[in-house]
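This briefing covers strand pairing, helix packing and salt bridges in the structure shown below.

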Amino acid sequence: MPGVLNTTNTRLKPDFGLDDSLFPPLPEIQDKRIEKQVFTHRSLHARPTAIFEDHLEDLSPDNEKFEHLGDTVLGLTVTNLMFDLFPGLRVGPSTKIRALVVGNATLAEISLKYRLPDRLLFHPAQAVTLRASSNIQADVFESFVGGLYIDQGLDAIKEWLYVLFRPYTSAAYLLVRQQHGLPPSLPIGVVTPDPPSPTMLLPRSKMDAFTSTATVGHLALFNQYLQRSNRQVEWIYGNPYGNNQTNTYFSGIHGNGDIPQEILVQGTKTTPVWFVKVLVDGEFYGHGRGNTKKAARNEAAKQGLEKMGYHHLW
């Protein structure tokens with residue numbers, strides 16, 4: 001029989017690369033009023049708690065409502081992430097995995113990595129004790145998620161949290177497998193979310209050259225860094241079926257307009273090879289290819305990160 005996991009105190013061991021170099025940056029809440037409330041603990045204003053509802057002209061300025069909302073948004077986002085990563089997972093194990101991922105131990109750890117408790121506003125008499133509480137540390141992370149959701153919507157939340165929680169979800173998956181007496185196994189979809197078609201009509205050597213086995217997350221990290229610096233990105237796709245138009249499409253990438261022959265692989269209508277280049281503020285930042293558009297963008301995004309100086313991430 002499977003054992004029982006303590007989802008409150010169990011610490012996961014996510015893999016964010018050497019020195020946590022793949023840990024994603026914290027998004028910025030644009031609305032300063034929301035940001036201030038996110039970091040306002042109820043002790044600051046000593047508001048009464050034993051009331052049913054605030055008066056509309058005297059709404060509480062603390063972060064408890066954002067915390068409540070953030071808890072719901074986290075549950076939804078992590079559940080969607082699990083559906084993407086492990087489509088065959090049953091409800092019982094998925095519930096245990098989610099509980100580990102959004103448990104206080106995990107959220108407090110993330111909160112400390114982002115130094116969110118340092119920004120909390122408390123009543124001076126309680127600040128030291130409350131800031132050291134793991135519950136408060138987890139709560140402020142939930143509050144930040146709720147505030148970011150109000151400020152920017154679910155798409156911004158997913159773009160950030162998918163990158164953040166993928167390693168935690170993978171670690172929880174392996175832990176729950178072990179609890180169920182199953183051998184360790186790499187989670188489905190974590191290494192190659194867009195696997196090549198089994199009918200790929202290319203020589204093995206050429207197929208290996210462009211099918212992606214790179215670290216998943218280059219594209220999301222690339223988009224996050226560009227969003228934070230408010231830069232414009234443009235993705236331009238090449239002809240997926242032939243070399244001539246692809247040559248024209250890549251004109252100018254290497255100065256003389258020629259493409260290195262090693263990147264040219266011709267697909268078919270049923271098994272296309274997508275080529276893409278990415279421009280940032282009109283400047284070329286990278287190119288990629290893959291059997292799907294997403295795989296090609298991920299490869300181009302890795303080159304873009306290298307150009308931006310983030311080659312140490314892998």
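In this predicted model, strand E1 and strand E2 (residues 274-280) pair in the antiparallel sense over 5 bridges.

**Sheet and packing helices**

- The open sheet has 3 strands in the order E1-E2-E3, with antiparallel pairing.
- Strand E1 (233-237) and strand E3 (283-290) are the edge strands, each pairing on one side only.
- Neighbouring strands of this sheet are turned by 20 degrees against each other on average, direction ignored.
- Helix H9 (residues 218-228) packs on the sheet and touches E1, E2 and E3, with its direction at about 140 degrees to that of E1.
- Helix H11 (residues 293-307) also packs on the sheet, touching E1, E2 and E3, and its direction makes about 140 degrees with that of E3.

**Salt-bridge network around Glu35**

- Glu28, Lys32, Glu35 and Arg119 are linked in a network of salt bridges.
- In the pair Lys32 and Glu35, the closest N and O atoms are 3.4 Å apart; both residues lie in helix H1 (residues 32-38), 3 residues apart.
- Glu35 counts as buried at 18% relative accessibility, whereas Lys32 counts as partly exposed at 47%.
- Arg119 forms a salt bridge with Glu35, with the closest N and O atoms 2.9 Å apart.
- Because Arg119 lies in the loop between helix H4 (104-113) and helix H5 (127-131) and Glu35 in helix H1, this pair ties together parts that are 84 residues apart in sequence.

**Salt bridge between Arg42 and Glu64**

- The side chains of Arg42 and Glu64 meet in a salt bridge at 2.7 Å, N to O.
- Arg42 lies in the loop between H1 and helix H2 (64-85) and Glu64 in helix H2, so the pair ties together parts that are 22 residues apart in sequence.
- Arg42 is partly exposed at 38% relative accessibility, and Glu64 is partly exposed at 35%.

Notes. Residues are numbered from 1 along each chain as its sequence is written. This is a predicted model: local features need pLDDT of at least 70, side-chain atom pairs count only at pLDDT 80 or more; totals for chains, interfaces and linings use all residues. Side-chain values use heavy atoms; hydrogens and water are left out. Two strands pair if DSSP finds at least two bridges between them. Helices (H or I, at least four residues) and strands (E, at least two) are DSSP runs, numbered from the N terminus. Axes are lines fitted to C-alpha atoms, for helices over the stretch in contact, and angles run from 0 to 180 degrees between N-to-C directions. Contact means heavy atoms within 4.5 Å. A salt bridge is a side-chain nitrogen of Lys or Arg within 4 Å of a carboxyl oxygen of Asp or Glu. Buried means under 20% relative accessible area, exposed over 50%, partly exposed in between (1.4 Å probe, protein chains only).
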